[in-house]
Amino acid sequence: MIKPDRIAAWTLFICLIAYGLTGYGMTKGLISQDFARSLHLSWLGAFALAAFIVHTGYAISLALRRHRIWN
């Protein structure tokens, strides 16, 4: 289960960096408006949300097991 968690963590990291870059690029005109908008508003949010759910779900389950709240 550690391998999918690490993949989700790196995916989340890359998505958040790309989210910031596309937002900055969209406002400052560094990249194409259409390309940045399509990435920023549709694709990156979906990938980041899925990676966030996997990554935090595993971390929460480990914390609950560590404190013997959840078997």
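**Close-up 1. Is leucine 21 buried or exposed?** Leucine 21 counts as exposed, because its relative accessibility is 56% (buried is under 20% relative accessible area, exposed over 50%, partly exposed in between, with a 1.4 Å probe and protein chains only). This is a predicted model, so local features need pLDDT of at least 70 and side-chain atom pairs count only at pLDDT 80 or more, while totals for chains, interfaces and linings use all residues. Residues are numbered from 1 along each chain as its sequence is written, and side-chain values use heavy atoms, with hydrogens and water left out. Leucine 21 sits in helix α1 (helices are DSSP runs of H or I with at least four residues, strands are E runs of at least two, and both are numbered from the N terminus). Its C-alpha is 8.9 Å from that of alanine 36, a residue 15 places away in sequence.

**Close-up 2. Helix α1 and its buried residues.** Buried in α1 are Asp5, Ala8, Leu12, Cys15, Thr22, Gly23, Gly25 and Met26. Their cover includes α2. Just past the end of α1, glycine 29 takes a positive phi of about 75 degrees.

**Close-up 3. Leucine 30 in the loop between α1 and α2.** At 62% relative accessible area, leucine 30 is exposed. Setting aside residues up to four places away in sequence, leucine 30 touches Tyr24 and Gly25 (contact means heavy atoms within 4.5 Å). Of these two partners, Gly25 turns up again among the buried residues of α1.

**Close-up 4. Helix α2 and its kink.** With 34 residues, α2 reaches 47 Å from first C-alpha to last, close to the 50 Å expected at 1.5 Å a residue. A kink of about 40 degrees is centred on histidine 40 (the bend at a residue is the angle between axes fitted to the seven residues ending there and the seven starting there). His40 is also one of the buried residues of α2, along with Ala36, Leu44, Ala48, Ala51, Tyr58 and Ser61. What covers them includes α1, residues 2-28.

**Close-up 5. Alanine 46 in α2 and cysteine 15.** Alanine 46 belongs to helix α2, residues 33-66. It counts as partly exposed because its relative accessibility is 48%. Follow the chain and cysteine 15 is 31 residues away from alanine 46, yet their C-alpha atoms are separated by 9.5 Å. Cys15 itself is on the buried list for α1.

**Close-up 6. The one salt bridge of the structure.** Aspartate 34 and arginine 37 pair up through their side chains at 3.9 Å, N to O (a salt bridge is a side-chain nitrogen of Lys or Arg within 4 Å of a carboxyl oxygen of Asp or Glu). The two are three residues apart in helix α2, so about one helical turn separates them. Aspartate 34 is exposed at 58% relative accessibility, whereas arginine 37 is partly exposed at 38%.

Close-up 7. Beyond its neighbours within four places in sequence, leucine 64 is in contact with Ile69 and Trp70. Its C-alpha is 39 Å from that of arginine 37, 27 residues away along the chain. Most residues other than glycine have a negative phi. At 77% relative accessibility, arginine 68 counts as exposed.

**Close-up 8. A nonpolar patch on the surface.** Trp10, Phe13, Ile14, Ile17 and Leu21 make up this patch, with about 580 Å² of accessible area together (Shrake-Rupley method, 1.4 Å probe; for residues, only the protein chains shown count as cover). Patch members have over 30% relative accessible area and no salt bridge; like charges are joined within 9 Å, and nonpolar side chains (Val, Leu, Ile, Met, Phe, Trp, Tyr) within 5 Å. Isoleucine 17 is in helix α1 and is partly exposed, at 45% relative accessible area.

Technical notes:
Expected span 1.5 Å × (residues − 1).
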